[in-house]
Amino acid sequence: MPKNNKAVKRELDDDVTESVRDLLSNEDTCDDSFKKSSLMVGGEGDGKELSQDTDVEDGGSDAEDDASRPAWNSKLQYILAQVGFSVGLGNVWRFPYLCQKNGGGAYLVPYLILLIVIGIPLFFLELSVGQRIRRGSIGVWNYISPRLGGIGFASCVVCFFVALYYNVIIGWSLFYFSQSFQQPLPWHECPLVKNQTNTYVVDECDKSSATTYYWYRQALDISDSIAEGGGLNWRMTVCLLAAWSMVCLAMIKGIQSSGKVMYFSSLFPYVVLICFLVRALLLKGSWDGIRHMFTPKLEIMLEAKVWREAATQVFFALGLGFGGVIAFSSYNKRDNNCHFDAVLVSFINFFTSVLATLVVFAVLGFKANIMNAKCIIKNTGKIVHLLGNGVSRDLIPHHINLSSTVSAEDYQEMTEIIRNVTAHDYPRLGLDSCSIEEELNKAVQGTGLAFIAFTEAMTHFPASPFWSVMFFLMLVNLGLGSMFGTIEGIITPLVDTFKVRKEILTVAVCLLAFFIGLLFVQRSGNYWVAMFDDYSATLPLLIVVILENVAVAWVYGTDKFFEDLKDMLGFTPFRFYYYMWKYVTPLLLILLLGSSVIQMGMTPPSYSAWIQELAVERSLRYPAWGLAVCISLVVAAVMPVPVVFLLRYFNVIDENAGVASTISYKKGRIIKESALPEDDDDLSLIRAKSPGSEAPSPMPGNSIYRKQSGGVPDVAPNGRYGIGYLMADMPDMPESDL
């Protein structure tokens with residue numbers, strides 16, 4: 001039995017390595033008897049057998065989990081999973097809106113700069129810690145700094161909040177998908193109401209539009225305010241159940257089941273986007289939309305609001321802080337080049353946003369031309385009635401025939417002459433402004449873009465049902481890809497931490513989320529979706545990512561982290577990341593958090609409500625209980641961080657609980673912890689020691705020893721952590737000082 005400060009010498013004549021660092025870097029294989037032996041990992045004399053080929057870095061039961069941890073079938077499957085998670089509905093209906101609102105093509109410049117400065121470094125950081133520690137978000141941050149272990153729990157809470165309403169949007173897409181197998185589409189025109197004497201158009205639809213009416217009245221049957229619940233919308237309830245069933249079935253086996261679905265859910269949206277782009281470019285007016293998109297408004301780039309919105313979009317586009325990135329990367333091999341993955345996925349996300357923006361603006365350009373043509377026809381009819389009664393016939397150019405279709409150019413020429421002659425009397429003529437540019441400047445985002453503007457444009461497509469089916473199937477797949485990562489951000493940390501069966505936990509989480517999600521499928525459900533979207537994720541995620549950055553760069557140490565990356569990747573990352581992680585990204589994130597808080601403080605919490613009688617949207621303030629819910633969402637998501645910190649600080653929970661052991665076994669070698677200096681940085685993550693803590697944090701109650709043939713293993717305390725080693729069948733092995 002080796003004594004304290006002794007290490008077992010190899011049976012071969014190799015020299016004893018003189019330092020722990022050398023042991024860590026020594027890749028020589030041991031003798032056959034050592035390779036074929038096995039480890040017993042246990043607490044009070046009971047243990048579990050573990051293959052020597054397995055990397056054991058977490059001690060005890062964590063070692064066994066590491067050996068049996070699922071893995072991706074291929075690198076392609078993993079990349080598709082990360083792409084599917086990061087590329088979501090926001091790429092289709094948020095990025096184009098921000099591009100339109102913030103200077104067109106000029107918006108791409110601040111977005112790309114912030115993607116490189118904030119997005120890629122933080123994405124690389126999350127990929128690295130997940131792949132290195134091979135745990136979900138809870139285990140990762142417990143490992144790095146026990147007192148900051150609440151970061152992982154906060155990520156899980158945010159993921160759950162987001163999953164609640166995100167799957168409702170998938171349910172809406174499923175409803176529209178199911179209604180698209182009709183010719184003409186049900187939102188093609190306003191419904192007619194017949195009575196005993198005549199037939200007339202529904203007043204609410206007549207005041208708005210066919211697609212707007214279908215969305216608010218037929219699909220959502222929306223109430224006038226959030227205070228009017230109105231009962232469940234049974235059709236949306238069925239769609240929500242279908243959406244959660246799809247997520248549950250795809251996730252029930254973890255990445256072994258969801259990974260196969262990724263091939264379709266991640267690639268199909270690109271097929272649809274490319275098909276839409278080709279089709280849209282062949283439609284009249286599509287180039288007007290694309291030209292409008294790429295016409296830069298450089299003066300807008302100087303506004304701080306543009307940079308703040310670009311930073312927010314970068315932040316959410318990559319799924320930072322949710323835990324899904326960490327969960328997916330934890331199933332990788334430790335020597336996977338996660339730096340390449342971070343850059344690749346980030347730029348795929350960026351180019352997907354640009355592709356989606358091209359498609360949206362091409363389709364909106366086509367729609368703008370149609371709306372402009374309708375406006376011209378309507379105004380031409382008014383001018384015909386005004387001839388001789390406010391408008392002189394001499395004002396109409398001779399080459400313009402009002403009895404036939406008037407082109408946009410002729411109409412502009414005619415109205416310009418009338419405006420110049422009538423001067424102050426022109427507004428009284430009641431002629432609407434007909435301009436393609438004005439139509440394109442109407443900023444539409446979110447559900448308004450997907451379920452109103454885009455659906456209206458598709459009604460004018462040849463074979464419109466086919467394109468509608470493709471579009472909403474694409475939305476379902478985009479949503480599912482993001483949902484897989486979000487649910488993985490909940491399931492993986494809980495399974496790693498509490499050792500529950502993944503199948504049971506997945507079903508339980510999906511059932512619980514469905515029943516809570518019934519809140520979103522009542523008649524006022526759309527307002528609840530807006531509330532959760534605005535308040536459950538934005539501030540909490542910013543706080544979570546700031547703490548992640550601080551935990552790695554300042555608590556754990558950037559230098560140590562670089563050593564870990566060098567050991568894991570086989571090369572030292574660019575020094576660029578050192579300065580980004582330590583100085584630039586924390587500062588920018590704090591500025592972003594501050595500006596977001598100021599904006600929320602200056603803008604009273606409100607939501608956009610649909611007023612049925614007027615058939616218009618109005619901004620309403622939340623009632624007092626609504627404000628309480630908004631605040632509760634933010635507090636509930638952030639609360640795990642201070643709670644865990646205080647419990648650890650006052651030793652209510654042992655700081656050693658749930659943190660990995662400092663012992664590491666590699667193929668054919670044994671690493672022994674003994675009398676290591678407090679300031680030794682060489683072991684980095686393997687020691688799981690954070691700066692400022694009194695000692696590294698091993699797994700309590702675990703003893704690691706070599707299996708003996710017969711008898712009870714003799715385990716003696718060794719070193720600071722009370723863990724000893726027994727080498728079986730080597731009685732004459734001499735000892736030497738380490």
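The disulfides of the protein chain follow the pattern 1-2, 3-4, counting bonded cysteines along the chain. A disulfide here is a pair of cysteine sulfur atoms within 2.5 Å. In general, a disulfide is a covalent bond between the sulfur atoms of two cysteines. The structure holds two of these links.

Before going on, a word about the model: it is predicted, so local features need pLDDT of at least 70 and side-chain atom pairs count only at pLDDT 80 or more, while totals for chains, interfaces and linings use all residues. Residues are numbered from 1 along each chain as its sequence is written, and side-chain values use heavy atoms, with hydrogens and water left out.

| Disulfide | S to S distance | Torsion about the S-S bond |
|---|---|---|
| Cys190 and Cys205 | 1.9 Å | about -85° |
| Cys375 and Cys434 | 1.8 Å | -75° |

With its torsion of about -85°, the disulfide of Cys190 and Cys205 is left-handed. This pair links distant parts of the chain, 15 residues apart: Cys190 lies in the loop between α9 and β4 (192-194), and Cys205 in helix α10 (residues 203-207). Helices (DSSP runs of H or I, at least four residues) and strands (runs of E, at least two) are numbered from the N terminus. Cys205 has 1% relative accessibility, so this residue counts as buried. Buried means under 20% relative accessible area, exposed means over 50%, and partly exposed is in between, using a 1.4 Å probe and protein chains only.

The link of Cys375 and Cys434 is left-handed too, with -75° about the S-S bond. Cys375 sits in helix α17 (residues 338-386), while Cys434 is in the loop between α18 (408-422) and α19 (436-440), and the two are 59 residues apart. Both Cys375 and Cys434 are buried.

Now for the whole fold. The protein chain has 27 helices and 11 strands, and 57% of its 738 residues count as buried. Contact means heavy atoms within 4.5 Å. Among contacts between residues at least 6 apart in sequence, 78% join residues at least 24 apart.

Which residues touch the most other members of the largest nonpolar core? They are Trp141, Trp244 and Phe276, in a core of 188 residues. A nonpolar core is a set of buried Ala, Val, Leu, Ile, Met, Phe, Trp, Tyr and Cys residues joined through side-chain atoms within 4.5 Å. Helix α9 (residues 150-179) gives the largest share of this core, 19 residues. Leaving aside residues up to four places away in sequence, Trp244 touches Ala163, Asn167, Met483, Ile487, Cys510, Ala513 and Phe514.

The axes of helix α7 (residues 108-133) and helix α8 (residues 137-144) come within 10 Å and cross at roughly 85°. Axes are lines fitted to C-alpha atoms, for helices over the stretch in contact, and angles run from 0 to 180 degrees between N-to-C directions. Helices α7 and α8 are therefore roughly perpendicular to each other, the word for angles of 65 to 115 degrees. Leu125, Val129, Gly130 and Ile133 of α7 make the contact with Val140, Trp141, Tyr143 and Ile144 of α8.

Helix α23 (residues 525-535) has eight of its 11 residues buried, so this helix is largely enclosed by the rest of the structure. Among the buried ones are Trp528, Met531 and Phe532. The buried residues of α23 pack against several elements, including α9, α11 (210-219) and α24 (538-569).

Ser265 is found in helix α13 (residues 255-281) and is buried, with a relative accessible area of 3%. Leu614 is in the loop between β6 and β7 (616-621), and at 39% relative accessibility Leu614 counts as partly exposed. The C-alpha atoms of Leu614 and Glu204 are separated by 7.4 Å, although these residues are 410 apart along the chain.

How values were computed. Angles under 35 degrees count as roughly parallel, over 145 as roughly antiparallel, 65 to 115 as roughly perpendicular and the rest as oblique.
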